[in-house]
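Me: I'm new to this one. Can you walk me through its charged pairs?
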Amino acid sequence: MNSYRVGNEPRFSDRAEAGSVLARQLATYAGRRDVIVLALPRGGVPVGYEVAQALGVELDVLVVRKLGVPHYPELAMGAIASGGVLYLDERTIRSAGITQPEIVAVLSDERRELARREALYRGHRPPLKIEGRTVIVVDDGIATGASMRVAIEALRTGKPARIVVAVPVAPEGTAQRLDGLADEFVCPHSEREFGGVGRFYRDFGQTSDAEVRALLARSHQDVQ
């Protein structure tokens, strides 16, 4: 990983404020035609929208689905992303005693949801071209890092010039865990005792599909 910046900004009122704070740390990418922002839906889209607006660059989604442990879905045993990319955390799978049929069942469900969301969010608009461009991957935070890891792996197949992971909050050490995958990691707030992304936001209500679609449509109109 070539660069890594972590500061100590205060917590955020909502995802829009988090996006504005994050955008200030990404100011060197403003106004560049070779830069795009890809947000992980759903919660990453309000953050990514503010970043894209502030930088004056295009916004799109990169659909990634966490693979939750059966009967404990908040714990990730891996993730999938657009393009058929699959990441499995073998250590978690072994320690939780997850069987192959259970993995297949979770994969089947999440692949259906991934396909549904891609069609719903993007509609008839084709994905933005990433080859040779700098891609800023945005989410509302990182907990385990499984979704972000598979997002980066998915992007690498598109041959971007540079991948920048940008999130408002993450546990300390996240940059090292993503070492060798992303080219740069930008995060204005991190803590050793993390306890989950939601605790860094006063308003961490669920982002709706309708909100994702509206923000993408608005961003698309703004760059026409």
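Reply: First, the term: a salt bridge is a side-chain nitrogen of Lys or Arg within 4 Å of a carboxyl oxygen of Asp or Glu. This is a predicted model, where local features need pLDDT of at least 70, side-chain atom pairs count only at pLDDT 80 or more, and totals for chains, interfaces and linings use all residues. Residues are numbered from 1 along each chain as its sequence is written, and side-chain values use heavy atoms, leaving out hydrogens and water.

Me: How many salt bridges does the structure hold?
Reply: There are 14. In one of them, Asp-209 pairs with Arg-42 at 3.6 Å, N to O.

Me: Which parts does that pair tie together?
Reply: Asp-209 is in helix 7 (residues 209-222), and Arg-42 is in the loop between strand 2 (35-39) and helix 2 (44-55), so the bridge ties together parts 167 residues apart in sequence. Helices (H or I, at least four residues) and strands (E, at least two) are DSSP runs, numbered from the N terminus.

Me: Is Asp-209 buried or exposed?
Reply: Buried, with a relative accessible area of 18%. Buried means under 20%, exposed over 50%, partly exposed in between (1.4 Å probe, protein chains only).

Me: What about Asp-60 and Arg-122?
Reply: Their side chains form a salt bridge at 3.5 Å, N to O. Asp-60 sits in strand 3 (residues 58-61) and Arg-122 in helix 4 (residues 100-122), 62 residues apart. Asp-60 is buried at 8%. Arg-122 is buried at 10%.

Me: And how exposed are Arg-199 and Glu-191?
Reply: Arg-199 is partly exposed at 33%. Glu-191 is partly exposed at 21%. Their side chains meet in a salt bridge at 3.0 Å, N to O.

Me: Which residues do shared partners join into one network?
Reply: Arg-42, Glu-113, Arg-116, Arg-117 and Asp-209.
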